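Hi,

Here is the structure I said I would pass on.

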Amino acid sequence: GNVFQQLYNMVDSIVVGNFVGENALGAIGTTNSLQFFFFSLVLGLSVGIGIVVSQYFGSSDEENVKNTIGNAIWAISICSVLMSLVGFFLARPALVLMNTDPAILEDAVIYLKVTAIGFICVGMYNGVSSILRALGDTKTPLTFLIVASLINVALDLLFVLQFKWGVVGVAVATAFAQLISAVACIIYAVKCTTFFRLTKENLKIKKAILYKCLQLGIPVALQNALIAVSLIVLQGVVNGFGATFTTAFTVVARIEQLVQQPFMSLGSAISTFTGQNMGAGNYKRINKIVITGEICVTVVGLVLGNLVVFFGHPLLSIYSSSSKVIAAGMVRLKVVSVTYALCGMMDVMVGALRGIGYSIMPMIVSMIGACGLRLVWLATIFQIPKYHTVHMIYVSYPITWAITFFAHICCFIWAKRCVEKKAGVLK
């Protein structure tokens, strides 16, 4: 599901890079971190809502599952509209603040504004699909996402090749495909899942449930926002090296997003799985879940990360034929991709902590580790003339991932003991 969700931006980049131009490709890429920032609140709420639903579902509390879904509708709808408006009206000021090259600024602004309108659809899809997964249905959201992705591909080609709309065309195609996936997922949920057949009572605001969703979701949202801020800073620094490096940054990010998907998926699955087992009182199984997850991400990370480097040139050439862009992209691949297992190991621990009900803790650790330390790196080591290179920007990734991962391990051991003591499992 995550892979196909990434296809929206990947297809946009491939079509634009090959049929519009290098600058247009850089324009799309420079909006990535901003899109992630504007949408972080809704993504965080979706995660929190999914965890709460999984815990009630694990304890067979059907009424509170429905109450959570009813409250989720209000929370996600309001947040999606808010983020859509913020993304639309702050597009230009934010991109200017990021030191975006004038050659790509106008295309970047229009792409961000059009896709910001689609944030509402992305919010509804993510909210409903998160609930469906918490109830054990992971296949249906995937089906609708695959169909929407294929529609996006067709519309990209139609609007760019036939209508010559350029960057505007791929943005409109993306927004329309997101609308289709959201509407289809909602219709299915209402017609085929009894938990979505809500009464007026279920739709009333339940302060306790809403608070629980926000308690788990807001820290996730803040964590995503802080990560986005660090990415925005990094994007701004890379933009200062010129349009070629901005485009290379974009291309490699698209490739790395595919490598990341198994990590994000396992992190999300572990949140749901640990939440269900905690709701059922099966605490011993949680350790097995975490260990299995860590083994999976380590193997997948090492294999995919090294394969991406080995096939780096042909993969980069899919997006751009520029030798300068490909050379600049290989610099990042050789540093970041081979160490991506560390990122996955970190995601597993974060997912486990969220699943057992600790959402603020991983936010603080990630804020200090993956975000704060990276910004400190840019303010200290990177400022030394000898190390003021793009290569040194990328070195900060594996270093901060490793530190953050070990911090998460310590937090999980402590948090799980607290949960077990509260439940009377440990004395």
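Which residues does leucine 316 touch, leaving out those up to four places away in sequence? They are Val251, Val252, Ile255, Ile326, Gly329, Met330 and Leu333. Before you go further, keep in mind that this is a predicted model.

Next, some helix pairs. Two packed helices are described by the angle between their axes and the distance between the axes.

Take α13 (residues 284-310) and α16 (residues 340-355). Their axes come within 8 Å and cross at roughly 160°. Angles over 145 degrees count as roughly antiparallel, so that is how α13 and α16 run to each other. The crossing in which α13 passes α16 is right-handed. On the α13 side, the contact is made by Val290, Gly293, Glu294, Val297, Thr298, Gly301 and Leu302. From α16 come Ala341, Gly344, Met345, Val348, Met349 and Ala352. Sorted by class, this contact of α13 with α16 has 8 nonpolar, 4 polar and 1 charged residues.

Then there is the pair α7 (residues 119-134) and α9 (residues 167-192), with axes that come within 8 Å and cross at roughly 35°. Here the crossing is left-handed. In α7, look for Cys121, Val122, Met124, Tyr125, Val128, Ser129 and Leu132. They meet Gln178, Leu179, Ser181, Ala182, Cys185, Ile186, Tyr188 and Ala189 in α9. The contact of α7 with α9 divides into 12 nonpolar residues, 3 polar and no charged.

How do α11 (207-239) and α12 (residues 243-279) lie to each other? Their axes also come within 8 Å, and the crossing is at roughly 140°, so the two helices are oblique to each other. Gln235, Val238 and Asn239 of α11 meet Phe245, Thr246 and Phe249 of α12. That contact divides into 3 nonpolar and 3 polar residues, with no charged ones.

Is threonine 30 buried or exposed? Its relative accessibility is 0%, so threonine 30 counts as buried. You will find Thr30 in the loop between α2 (22-29) and α3 (32-58). Beyond its sequence neighbours up to four places away, threonine 30 touches Leu95, Met98, Thr100, Ala108, Gln235, Asn239, Thr246 and Thr250. Of these, Gln235, Asn239 and Thr246 also take part in the contact of α11 with α12. Threonine 30 and threonine 100 are 70 residues apart along the chain, yet 7.5 Å separates their C-alpha atoms.

The other one is lysine 206, in the loop between α10 (200-203) and α11. Buried means under 20% relative accessible area, so lysine 206, at 18%, counts as buried. Its contacts, again leaving out residues up to four places away in sequence, are Asn67, Asn71 and Glu201.

Cheers

Notes. Residues are numbered from 1 along each chain as its sequence is written. This is a predicted model: local features need pLDDT of at least 70, side-chain atom pairs count only at pLDDT 80 or more; totals for chains, interfaces and linings use all residues. Side-chain values use heavy atoms; hydrogens and water are left out. Axes are lines fitted to C-alpha atoms, for helices over the stretch in contact, and angles run from 0 to 180 degrees between N-to-C directions. Helices (H or I, at least four residues) and strands (E, at least two) are DSSP runs, numbered from the N terminus. Angles under 35 degrees count as roughly parallel, over 145 as roughly antiparallel, 65 to 115 as roughly perpendicular and the rest as oblique. A crossing is left-handed if the near helix is turned anticlockwise from the far one by less than a right angle, and right-handed if clockwise. Contact means heavy atoms within 4.5 Å. Ala, Val, Leu, Ile, Met, Phe, Trp, Tyr, Cys and Pro count as nonpolar, Asp, Glu, Lys and Arg as charged, and the others, Gly among them, as polar. Buried means under 20% relative accessible area, exposed over 50%, partly exposed in between (1.4 Å probe, protein chains only).
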